[in-house]
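This briefing goes through the structure shown below by topic.

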Amino acid sequence: MSKRLNLDTSEKLAITTRRGDSFDVTLTFYTGAEAAGNEDSLDGDTFIMEVRDSPNSDGDVGVVLSSNSGGFTFDIGGASSNTAAVNNQLTVRATAATMRLVNAGRYVYDLQRLNSSTNEEKTILRGAFKVIEDVSEPLAST
């Protein structure tokens, strides 16, 4: 008999992006196999995503980007093959202006979901968040 219980169901996914570029990623949710009829509705769900300088930082310390302060926004939508809305897609965005404020470097992130149907809060994605320096600088606004 195993003497371990691992309740961490999050997926590890490394993200690399560029400083000053728009950040835009769409995730599709299924309750089982990735197939029509297994779409996991995100209606009413809420999400939190934070990027931190260290996995050990707590509270406001070490926060680089956070959906709690408008750094990330979320859009829920999607359609099945018969074009009926199923709302199983989540798009996570940060504007180019927001990403210009993030220094190039290596960070950590996680994305949490509060499922309105089950009232469960779970981390669904976690991992490294790498920001590469951009060469081009935007024109100064006048």
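Which residues of the largest nonpolar core touch the most other members? In this predicted model, they are Phe-23, Met-49, Phe-72, Leu-111 and Phe-129, out of 22 residues in that core. Five strands each supply at least two residues of the core, namely E3 (23–28), E4 (46–52), E7 (85–94), E8 (105–114) and E9 (121–132). Strand E9 gives the most, with four residues.

**Overall architecture**

- The protein has nine strands and one helix.
- The C-alpha trace spans about 55 × 45 × 20 Å along its principal axes.
- Of the 142 residues in the protein, 32% are buried.
- Taking contacts between residues at least 6 apart in sequence, 62% join residues at least 24 apart.

- In soluble globular proteins, nonpolar side chains tend to be buried together.
- Phe-72 is one of the core residues that touch the most other members.
- Leaving out residues up to four places away in sequence, Phe-72 touches Phe-23, Met-49, Val-51, Leu-65, Ser-66, Ser-67, Val-92, Arg-93, Ala-94 and Phe-129.
- Leu-65, one of these partners, lies in strand E5, which covers residues 63–66.
- Leu-65 has a relative accessible area of 5% and is therefore buried, the limit being under 20%.
- Beyond its neighbours within four places in sequence, Leu-65 is in contact with Met-49, Glu-50, Val-51, Gly-71, Phe-72, Thr-98, Met-99 and Val-102.
- Leu-65 and Asp-45 are 20 residues apart in sequence, and their C-alpha atoms are 21 Å apart in space.

**Aromatic pairs**

- How many aromatic pairs does the structure hold? There are five.
- Phe-47 and Phe-74 form a tilted pair, with 5.9 Å centre to centre and 45° between the planes.
- Phe-47 is in strand E4 and Phe-74 is in strand E6 (residues 73–79), so this pair ties together parts that are 27 residues apart in sequence.
- Are Phe-47 and Phe-74 buried or partly exposed? Phe-47 counts as buried at 9% relative accessibility, whereas Phe-74 counts as partly exposed at 23%.
- The ring centres of Tyr-109 and Phe-129 are 6.1 Å apart and the planes meet at 65°, so this pair is edge-to-face.
- Tyr-109 in strand E8 and Phe-129 in strand E9 are 20 residues apart, and their pair links distant parts of the chain.
- Both residues of this pair are buried: Tyr-109 has a relative accessible area of 5%, and Phe-129 has a relative accessibility of 1%.
- Phe-23, Phe-72, Tyr-109 and Phe-129 form one aromatic cluster. Among these, Phe-23, Phe-72 and Phe-129 are also listed with the core residues that touch the most other members.

**Largest pocket**

- The volume of the largest pocket is about 230 Å³.
- Its lining consists of Thr-9, Ser-10, Glu-11, Arg-113, Asn-115, Thr-118, Glu-120, Lys-122, Thr-123 and Ile-124.
- Five lining residues are polar, four are charged and one is nonpolar.
- Strand E9 gives the most to this lining, with three residues.

**Second largest pocket**

- The second largest pocket has a volume of about 170 Å³.
- Leu-27, Thr-28, Phe-29, Tyr-30, Thr-31, Asp-40, Ile-124 and Leu-125 form the lining.
- Which elements give two or more residues to the lining of the second largest pocket? They are E3 and E9.
- This lining divides into five nonpolar residues, two polar and one charged.

**Asn-119**

- Asn-119 is found in the loop between E8 and E9.
- The phi angle of Asn-119 is near 60°, a positive value in a residue other than glycine.
- Asn-119 has 62% relative accessibility and so counts as exposed, the limit being over 50%.

Technical notes
Residues are numbered from 1 along each chain as its sequence is written. This is a predicted model: local features need pLDDT of at least 70, side-chain atom pairs count only at pLDDT 80 or more; totals for chains, interfaces and linings use all residues. Side-chain values use heavy atoms; hydrogens and water are left out. A nonpolar core is a set of buried Ala, Val, Leu, Ile, Met, Phe, Trp, Tyr and Cys residues joined through side-chain atoms within 4.5 Å. Buried means under 20% relative accessible area, exposed over 50%, partly exposed in between (1.4 Å probe, protein chains only). Contact means heavy atoms within 4.5 Å. Rings of Phe, Tyr and Trp (its six-membered ring) pair if their centres lie within 6.5 Å; planes under 30 degrees apart count as stacked, over 60 as edge-to-face and the rest as tilted. On a 1 Å grid over the protein atoms alone, a cavity is a set of points where a 1.4 Å probe fits but cannot get out, and a pocket is an open set with protein on both sides within 12 Å along at least five of seven lines; lining residues have an atom within 4 Å of a point. Grid points are joined across faces, edges and corners, and a volume is the space filled by probe spheres set on the points. Ala, Val, Leu, Ile, Met, Phe, Trp, Tyr, Cys and Pro count as nonpolar, Asp, Glu, Lys and Arg as charged, and the others, Gly among them, as polar.
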